[in-house]
Amino acid sequence: MMKRIVFTDLRRVQKKKSFIICMSIVVLLMLIIVVFAFLKPVSGINLADSKETSGKALRFLDNISIAFGMMPFLVGIPIYQAVFTDDFKSRTMQMAIGRGISRRRLILARFYEVIAMLVEACVIFTVVGIIAGFILGASISGIALMVGKLWFDSILIVANLSIAMLILYMSQSATGGLVMYILMAADVFRLLLVMADMIPFLKNNDIKLSNILPGSIHQLAKNNLFGYVPTATDVTEIGETLQEGSDELIKRIVDGTVETNYLKALLYTSILVGVFIILPLVLSQTVFRKKELEF
C-alpha cells in the first residue's frame, strides 16, 4: 500500500508545472554558464590542473556553483510544495489514514518522495554538467569534483526539509514548515548566531554557536571531504598578483587551505545525517502520532 502511495504521488508531482519550470531554470543557468565560459575563458593559468583542463572548462567549473547554489530554492521549495503543501490542501493524508495507513508509515512515505525527487533533480543536473564539462575540455577529476559537490550539497537540502517536516507536523501548518525551510535554506539562523559569536565571553573562549546548525556542520564536512581546490577566479588573481610582484593573495589562499580528512568528513556527515535528518524524522512521527487532525 505504501509503495503504491509513493509511486502514485511521484507521478503526480513530476507533472506539476512549478516543479518542471524550476528544474528547467537550473538547467538553463547551466547552459548560460557554458556560453559564458566560451565567451570568457580563463587565461594565464599556472596550476597543475590546467594541463588537463581547458580555460573554458575552468570557467565553467568555477561558475557552475551559481546554478547549484540556487538548488535549495529552485528545487527544495517546489519539492516541499508538491509533497507537503498539496498533501494538506487535497486532504490526501486524511484519506490515507482513513484507509488504515499508520501515521508513521505515511510520514516515511512523504520522506521517501522527497529523497526520490531530489535524486531525480541531481541526476538531471549531473548528466547536463558532465556533458557540458567534456564538451568544454574539463578533466575527469574536475568533473568528478563538480558532481561530488552537487550530490553532497543535496544532503543539506534533505536536512533542511527534514527540519521543516518537524515544524509542519508539530503545527499542522504547511506555511509554518515552508517558512522554516526558507529560513534554513537562506542561512538566516547562522547569520544571527555568527553575530552572537562576537559576544566577548563566547569569542574569548572560542565558542561558536553558529557551528551547531546544519549549514555549518555541512560546510565543515564538505571542507574536510574535498579539501581546498583553487577556483578559476583564484587562478586568474594569482597570475595577476605574481605579475605585480605581490604574494598577499597566495598567502591568503594558503592560510585558508583545508587538507582532506576523510575521518573528520565522515564524523561531520554522520552528525548532519543523524541529528538533522533522522532525529527530526523520528520526532515528526512521534509528535504527529499524538496529534488530532486539525486540517
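Tutor: Axes here are lines fitted to C-alpha atoms, for helices over the stretch in contact, and angles run from 0 to 180 degrees between N-to-C directions. Helices (H or I, at least four residues) are DSSP runs, numbered from the N terminus. The model is predicted, so that local features need pLDDT of at least 70 and side-chain atom pairs count only at pLDDT 80 or more, while totals for chains, interfaces and linings use all residues. Residues are numbered from 1 along each chain as its sequence is written, and side-chain values use heavy atoms, with hydrogens and water left out.

On these terms, helix H8 (residues 140-171) packs with helix H15 (residues 262-289) at an angle of about 25 degrees, their axes being 8 Å apart. H8 and H15 are therefore roughly parallel to each other, since angles under 35 degrees count as roughly parallel. Their crossing is left-handed, that is, the near helix is turned anticlockwise from the far one by less than a right angle.

The contact (heavy atoms within 4.5 Å) involves, on the H8 side, residues including Phe 152, Ile 155, Ala 159, Ser 162, Leu 166 and Met 170, and on the H15 side residues including Thr 269, Val 273, Phe 276, Pro 280, Ser 284 and Phe 288. By class, the residues of this contact divide into 18 nonpolar, three polar and no charged, where Ala, Val, Leu, Ile, Met, Phe, Trp, Tyr, Cys and Pro count as nonpolar, Asp, Glu, Lys and Arg as charged, and the others, Gly among them, as polar.

Ser 162, which belongs to H8, deserves a separate look. Ser 162 is buried, with a relative accessible area of 0%, the term buried meaning under 20% relative accessible area with a 1.4 Å probe and protein chains only.

Technical notes. Helices (H or I, at least four residues) and strands (E, at least two) are DSSP runs, numbered from the N terminus. Angles under 35 degrees count as roughly parallel, over 145 as roughly antiparallel, 65 to 115 as roughly perpendicular and the rest as oblique. Buried means under 20% relative accessible area, exposed over 50%, partly exposed in between (1.4 Å probe, protein chains only).
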